[in-house]
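Subject: Structure handover

Hello,

Please find the structure below, followed by notes on what was found in it. Have it open while you read.

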2 protein chains.
Amino acid sequence: MRAALTAETIMLATEDVLRRYGPGKATVVDVARALGVSHAAVYRHFPSKSALREAVTRRWLGRAHEELAALATDADRPPPGRLRAWLIALYAAKRHAATTDPELFATYRVLAQENSAATAEHVTALLHQLAGIIAAGLASGDFAGDDPAALARTVFEATAAFHHPAHVAEWGGPDRDDALADVCALVLRGLRTAG
Amino acid sequence: MRAALTAETIMLATEDVLRRYGPGKATVVDVARALGVSHAAVYRHFPSKSALREAVTRRWLGRAHEELAALATDADRPPPGRLRAWLIALYAAKRHAATTDPELFATYRVLAQENSAATAEHVTALLHQLAGIIAAGLASGDFAGDDPAALARTVFEATAAFHHPAHVAEWGGPDRDDALADVCALVLRGLRTAG
DNA sequence: CAGATTACAGATTTCAAGATCTGTAATCTG
DNA sequence: CAGATTACAGATCTTGAAATCTGTAATCTG
């Protein structure tokens, strides 16, 4: 007897298919073939191909959040250093994902261009972590200002070159780590004085 | 008698053809047709299609520089305000170009993805203007630091979301002007203290 | 009847052909 | 002989028919 067909197993198979064929070529028929079922069976668990693609990407992005969440809530480290470490880890995670899992990253990139709910949630989750670090900095007096959420969004925008998927092509280049360090330094100086 | 075939007239015709068909469909045969000459005549003035495309884009970008150069060298305005005005004008110029001349902007975007010499020069020119403003700020004591070129690059990176062509899709959205104002404010606060 | 399958219509994609394009060379013309 | 044209080979693009895919509905099965 075959294992029960669940949303979970479908998403696992979809990840494999996406990794193998990429977002442009992967079809739900491919997914069904990989599972040894008819494609209509897949539609019992996901209302559409794009919903399936979103669910898979959401899971994939969720795994990345966990690592970063640990850094964001590390109360042992003073907020400025924590912010710097978080931004560097975010960049490292994105670059790592882009190089080791290019097809899933490409899927994510497609969803980002389409303003999907999955990527919106991803951004929201990251902004929430960022706001937490900044709120800690405001509380400790390391940062100046009064709206951690707004400051988080601004810091996120200012570092877009190091996490926005549209910039993947640049992440391979030399001096990118130094460039991020410089932007971090500038941003941290900006956060220290009144906003 | 027909006007002499010069690089200038070829570039003008190419601009029209690019505007009409976009970078994906425009061919040098189209350009030659528009000029009423054979396509081989075009190859007498430009070594390749991509060289022609680059030349046209370089000219187009050059026109944008001129406006900004006036702002960058406006000694009447104190450097912080000048920097803010310059960044806002840069964003406005890019957004305007993207909306009023979408096909030429698309051409520019293609070249940017291909790391062409034309776009590299464009970036260099912008960084030069930016470094000029920052150098003025360092001289006046409004900014702290010792390397205007490095600071210029850092400011440029931090504002990528508002001038990098990969972000066009976002420029239409609401609150983009506010977002830029916030990033400008953060960057300016960062520049004021020692770097 | 929950969960899967087959069947199907309309949209999208593939594929091979022919057409068009790029870039070069040989040729023409004033 | 400067400046253009025609001619051409190989690469790329169009085109339309066949295949495949998406999503739904009707049907089967334990």
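Buried area is the accessible area, taken with a 1.4 Å probe, that two parts lose on being put together, summed over both. Please keep in mind that this is a predicted model.

The two protein chains

Between chain B and chain A, the buried area comes to about 1,900 Å², and carbon and sulfur atoms give 61% of it. On the chain B side, the residues that lose the most area to chain A are E157(B), L186(B) and R189(B); together they make up 33% of what that side buries. In terms of contacts, 24 residues of chain B meet 24 residues of chain A.

Which side chain of chain A meets E157(B) in a salt bridge? The partner is R176(A), with an N to O distance of 2.2 Å. The interface of chain B and chain A has 2 salt bridges by the rule used. There are also 8 residue pairs in polar contact between the two chains, counting pairs with both residues at pLDDT 80 or more.

Two helices of chain B, helix 8 (148-158) and helix 10 (176-192), each supply at least two residues of the side that touches chain A. Helix 10 of chain B gives the largest share of that side, 9 residues. Sorted by class, the side of chain B that touches chain A has 13 nonpolar, 6 polar and 5 charged residues.

DNA strand D

DNA strand D is surrounded by 17 residues, and the closest are V28(A), H39(A), Y43(A), K49(A) and S38(B). Of the atoms of DNA strand D that come within 4 Å of the protein, 57% belong to sugar and phosphate.

Which part of DNA strand D does a polar side-chain atom of H39(A) lie 2.9 Å from? For H39(A) it is a base oxygen. V28(A) places a backbone N or O atom 3.0 Å from a phosphate oxygen of DNA strand D. The elements that give two or more residues to this surface are helix 2 (28-35) and helix 3 (39-43) of chain A, along with helix 3 (39-42) of chain B. The surface near DNA strand D is made up of 8 nonpolar, 5 polar and 4 charged residues.

DNA strand C

Around DNA strand C there are 16 residues, of which S38(A), V28(B), H39(B), Y43(B) and K49(B) come nearest. Sugar and phosphate supply 56% of the atoms of DNA strand C that come within 4 Å of the protein.

A polar side-chain atom of S38(A) is 2.7 Å from a phosphate oxygen of DNA strand C. Helix 3 of chain A, with helix 2 (28-35) and helix 3 of chain B, each supply at least two residues of the surface near DNA strand C. Helix 2 of chain B has the largest share, 3 residues. By class, this surface divides into 8 nonpolar, 5 polar and 3 charged residues.

The database record

An unreviewed UniProt entry places the feature "domain: HTH tetR-type" at residues 4-64 of chain A. In the model, that span is 79% helix and 0% strand, and its end C-alpha atoms lie 28 Å apart.

Regards

Technical notes:
Residues are numbered from 1 along each chain as its sequence is written. Chains are lettered from A and ligands numbered from 1 in the order in which they are written. This is a predicted model: local features need pLDDT of at least 70, side-chain atom pairs count only at pLDDT 80 or more; totals for chains, interfaces and linings use all residues. Side-chain values use heavy atoms; hydrogens and water are left out. A residue is near a molecule or strand if one of its heavy atoms lies within 4 Å of it. A polar contact is a pair of N or O atoms within 3.5 Å; within protein, one must be able to donate a hydrogen and the other to accept it, and residues adjacent in sequence count only if both atoms are side-chain atoms. Helices (H or I, at least four residues) and strands (E, at least two) are DSSP runs, numbered from the N terminus. Ala, Val, Leu, Ile, Met, Phe, Trp, Tyr, Cys and Pro count as nonpolar, Asp, Glu, Lys and Arg as charged, and the others, Gly among them, as polar. UniProt positions are given in the numbering used here, feature names are shortened, and annotations may be inferred rather than shown by experiment. Contact means heavy atoms within 4.5 Å. A salt bridge is a side-chain nitrogen of Lys or Arg within 4 Å of a carboxyl oxygen of Asp or Glu.
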